[in-house]
Amino acid sequence: MTEGMVSEWFIADGDEVKQGELLYALETEKINLDVDADASGIVRHSIEPGVNLAPGDVVGYIYEPGETIPDALQAIPSRAGEGEVELTEAVTVSSDNAVAVATAPTGRLKSSPAARRLAGELGVDITVVAGTGPGGRIVEADVLLASTRIESVKASPLARRLAEQRGIDLSTVTGSGPGGRIVQADLDGLKQQSVPKVAATQATAGEVIPLKGMRKTIAQRMHQSLQESAQLSMDMLASMEEAVSMRSQLLKEWEGEARPTFTDFVVKAAAKALLVHPQMNSVFAPSGITLVESINIGIAVAVEEGLMVPVVRDADKLTLKDISIETARLASGARDGTLNLDDYAGGTFTLSALGMFGVDSFTPIINQPQSGILGINRIFDGLTWDQDKPVKTKQMNLSLTWDHRVIDGAPAAEFLATVVELLSEPYRLLV
Amino acid sequence: MNEFDLMVIGGGPGGYAAAIRASQLGLNVALAEREALGGTCLNWGCIPTKSLLHAAELLRNISHADQLGIRVGEVHFDLAAMVNESRSAANQLSQGVQHLMKKNKVTIFTGEAVIESPGLVRVGDEEILADNIIVATGASPRSLGNIQPDGNRIWGAREAMTPGFLPETLLIVGAGAIGVEFASFYATLGTKVTLLEVASQILPVEDAEIAELAMAAFRQQGIEILTSCSLENLKANEQVASASIGGESREFDAVILSVGVKANLSGSGIDKLGIELLDGFIEVDEVQRTNLPGIFAIGDVTGGPCLAHKATHEAMIAAEEIAGLKTHPVQKSRIPGCTYSHPQIASIGLKEADLKDRPYKVGRFPLYANGKAVVTRQTEGLVKTLFDADSGELLGAHLIGDGVTELIHGFALAIGHEATEASLMQTIFPHPTLSEAMHESVLNAFGRTLHL
């Protein structure tokens with residue numbers, strides 16, 4: 001992501017904002033994001049909606065209550081701490097935010113500093129904590145509650161210490177104590193699990209990031225996916241010329257209702273293609289391959305500590321506009337932890353977008369027990385040929401990983417070709 | 001024909017507790033008792049002796065009341081009244097158990113129960129069919145060779161707690177918890193007590209350091225203690241008992257035999273059923289099953305430690321197992337033991353001598369450094385804790401001093417929950433109480449004592 005814009009200010013120039021309240025809508029080529037205020041105070045806009053900005057650009061300021069507010073913004077020094085007026089908070093389009101816009105809303109989690117510090121101390125993944133503070137903000141109590149849930153591995157203090165000393169992962173141990181609590185006896189006879197050692201001559205060991213929470217789940221599920229299925233990937237180039245211009249029109253046409261992203265286009269295209277190629281929407285089991293009737297498309301959303309995959313249910317039955325509204329809800333909900341478990345359940349096929357990082361091809365890993373996952377890459381100015389004449393054309397590579405146990409190469413390519421075709425003729429996504 | 005889900009044989013702290021728990025879990029339960037509900041513990045053990053020892057303690061405290069500025073003049077006691085009081089406490093509690101049986105709809109059969117076969121029990125003329133049987137027949141004092149208590153000069157525990165006279169000289173054979181408690185009781189009443197133990201220390205199951213402190217305290221009270229000492233030629237006539245102790249012939253007004261217990265197997269048909277035994281006690285698995293289907297055994301009849309609370313705990317396991325619940329086996333290292341002498345001794349877990357082959361840390365905190373003990377002038381005593389040096393596991397706790405039997409449960413909780421030294425150190429103990437000595441002992445093991 002190299003540029004974005006404030007598409008809408010939710011707090012008018014000169015009005016008061018409370019920390020955690022929604023401040024403005026940020027729009028980029030890939031996704032729309034509502035940004036909340038980091039501090040309370042009086043909001044002054046620096047730019048009008050619709051102006052293209054680079055990461056790091058200042059879009060406005062929040063003044064502390066009582067602080068003298070200059071009439072003209074031009075008089076304000078561009079950097080906080082310089083000049084007569086101390087700037088409490090510069091509202092910026094940060095590069096962090098740019099990533100956030102695409103996938104990882106790192107800096108924009110609604111949480112109090114104390115909650116974040118506590119989360120760090122307790123090893124709680126704050127992105128999965130449900131906030132109960134004002135505006136769904138995560139407060140300390142939420143983190144504490146979450147930490148007790150994370151400690152759902154019940155073990156005695158002694159068992160915890162022994163496990164730590166012996167390098168045993170308690171989540172792999174069956175507890176025999178009251179209420180399934182892991183006690184010392186459960187650890188007896190368990191083999192010490194190998195702890196990776198870094199040879200001093202080769203490299204110096206740095207900080208060890210504990211494997212827990214979301215990181216651990218991802219590690220297990222991804223590894224398991226690769227171990228248990230026969231995955232392979234292929235790329236196919238789609239012309240996005242029509243899609244780009246159609247999106248511009250739709251943005252105007254649906255203004256105030258929906259803001260379609262290219263990911264939304266791919267959701268719709270994939271849903272339609274899955275109807276035609278139901279094998280790609282199936283679950284493999286030794287007893288047979290189950291074709292799944294529902295088409296529920298998961299969208300990988302990067303969050304601070306990893307990855308969440310909220311699901312657009314019955315995507316084949318939704319219009320592009322509905323999909324657009326739904327993905328906006330899912331993306332912001334995944335980021336601030338307000339989604340229900342239902343929002344993550346029941347996916348039958350997954351999309352993963354890395355285009356905003358300039359990626360042109362990758363091999364996504366299937367979200368088990370699904371049979372396919374489609375990687376969305378960068379839209380770039382490619383070449384097509386009009387007779388002998390090169391023509392600049394917006395193009396995008398699509399990277400499909402599928403399970404060879406379920407589908408062979410030819411039908412997989414046919415599925416991918418259908419997606420590519422639909423994206424090249426995007427009006428078909430509207431019908 | 002009587003039909004029950006469960007037949008419990010024996011109404012002691014194991015048997016009656018099993019009946020209550022099983023009834024709570026919806027089973028139709030019967031219980032057979034040949035004597036009085038409450039068993040040895042309630043009628044002829046823990047309870048009446050605690051009554052006697054309480055009287056002795058009060059007597060001792062009254063004679064020390066001067067220190068607190070209380071002038072009481074000459075103090076007299078009435079042994080017969082003490083015994084009566086202890087009997088009425090026992091009776092009251094036995095009736096309480098009777099009430100509990102009624103409340104929990106447990107059918108009581110009075111008489112000797114005989115297991116004819118798995119599933120069939122006979123009490124007198126009554127035949128009882130039961131899907132499950134719990135044997136909780138307890139244990140009885142062992143005799144010494146062919147010497148039996150005669151109730152006159154040779155006493156067992158029963159005679160010792162219902163004495164017809166106060167002996168001037170008393171020989172107690174066996175310095176386990178029972179022997180030591182009687183020694184303490186009679187010494188307080190002024191009897192010249194000789195306590196004899198074959199093993200090299202009194203209270204052989206206790207930590208050696210604690211036993212040593214106990215021995216010193218008893219000797220100071222005038223109790224003669226003979227360890228590693230054998231007894232020969234014990235005999236008695238109407239007037240006197242005599243024995244050869246270490247080659248020397250001695251005479252005593254009375255002798256108490258407290259040389260351990262044997263399982264109560266005869267009479268109940270257990271010896272004829274083919275139930276497997278181990279060292280004379282019924283062998284059970286971790287959920288109290290015997291080798292015969294549908295027959296469980298709990299408490300003293302399954303072997304040591306012969307403690308009421310162990311029997312009660314095993315009762316829960318057996319009843320819950322029968323009801324199909326998930327149970328957790330008893331860990332013998334987690335059973336606390338108490339001796340209610342003066343000073344008291346309480347302990348749980350491993351002794352220091354058990355730790356020879358592993359790195360450990362030991363904490364000691366003497367009661368003279370505890371504020372509450374100073375106030376009550378009960379400064380004799382020690383709280384000793386043992387930890388695994390690597391894991392911080394609390395391996396054992398050994399306490400001596402007045403009041404420590406009411407403290408040991410704290411360590412039982414800690415060990416039961418597998419607390420480490422960290423969780424114990426973080427626990428806040430109330431001031432001013434004896435329990436602070438527990439905390440200090442833990443701190444001491446890790447070089448953090450405050451009050452030493």
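The expected span of a helix is 1.5 Å times one less than its number of residues. Helix 9 of chain A has 17 residues, so at 1.5 Å a residue this helix should span 24 Å, and the 24 Å between its end C-alpha atoms agrees. Helices (H or I, at least four residues) and strands (E, at least two) are DSSP runs, numbered from the N terminus.

This is a predicted model, in which local features need pLDDT of at least 70 and side-chain atom pairs count only at pLDDT 80 or more, while totals for chains, interfaces and linings use all residues. Residues are numbered from 1 along each chain as its sequence is written, and chains are lettered from A and ligands numbered from 1 in the order in which they are written.

## Chain A as a whole

Chain A holds 10 helices and 18 strands. Of its 431 residues, 39% are buried (20 or more other C-beta atoms within 10 Å of the residue's own, with C-beta atoms placed from the backbone).

Back in helix 9 of chain A, the buried residues include Leu320(A), Ile323(A), Glu326(A) and Arg335(A).

## Two helices meet in chain A

Let's see what helix 9 packs against. Helix 8 (residues 262-276) of chain A and helix 9 (residues 320-336) of chain A pack at about 125°, with axes 9 Å apart. Helix 8 of chain A is therefore oblique to helix 9 of chain A; angles under 35 degrees count as roughly parallel, over 145 as roughly antiparallel, 65 to 115 as roughly perpendicular and the rest as oblique. Axes are lines fitted to C-alpha atoms, for helices over the stretch in contact, and angles run from 0 to 180 degrees between N-to-C directions.

On the helix 8 side, Thr263(A), Asp264(A), Val267(A) and Lys268(A) meet Leu320(A), Ile323(A), Ser324(A) and Thr327(A) of helix 9. Contact here means C-beta atoms, placed from the backbone, within 7 Å. This contact has 3 nonpolar, 3 polar and 2 charged residues (Ala, Val, Leu, Ile, Met, Phe, Trp, Tyr, Cys and Pro are nonpolar, Asp, Glu, Lys and Arg charged, and the others, Gly among them, polar).

## A pair in chain B

In chain B, the axes of helix 1 (residues 15-24) and helix 4 (residues 79-103) come within 10 Å and cross at roughly 25°. These two helices of chain B are therefore roughly parallel to each other.

Tyr16(B), Ala19(B) and Ile20(B) in helix 1 meet Val97(B), Leu100(B) and Met101(B) in helix 4. The residues of this contact are 6 nonpolar, no polar and no charged.

Technical notes
Two residues are in contact if their C-beta atoms, placed from the backbone, lie within 7 Å. A residue is buried if 20 or more other C-beta atoms lie within 10 Å of its own, exposed if 12 or fewer, and partly exposed in between; C-beta atoms are placed from the backbone.
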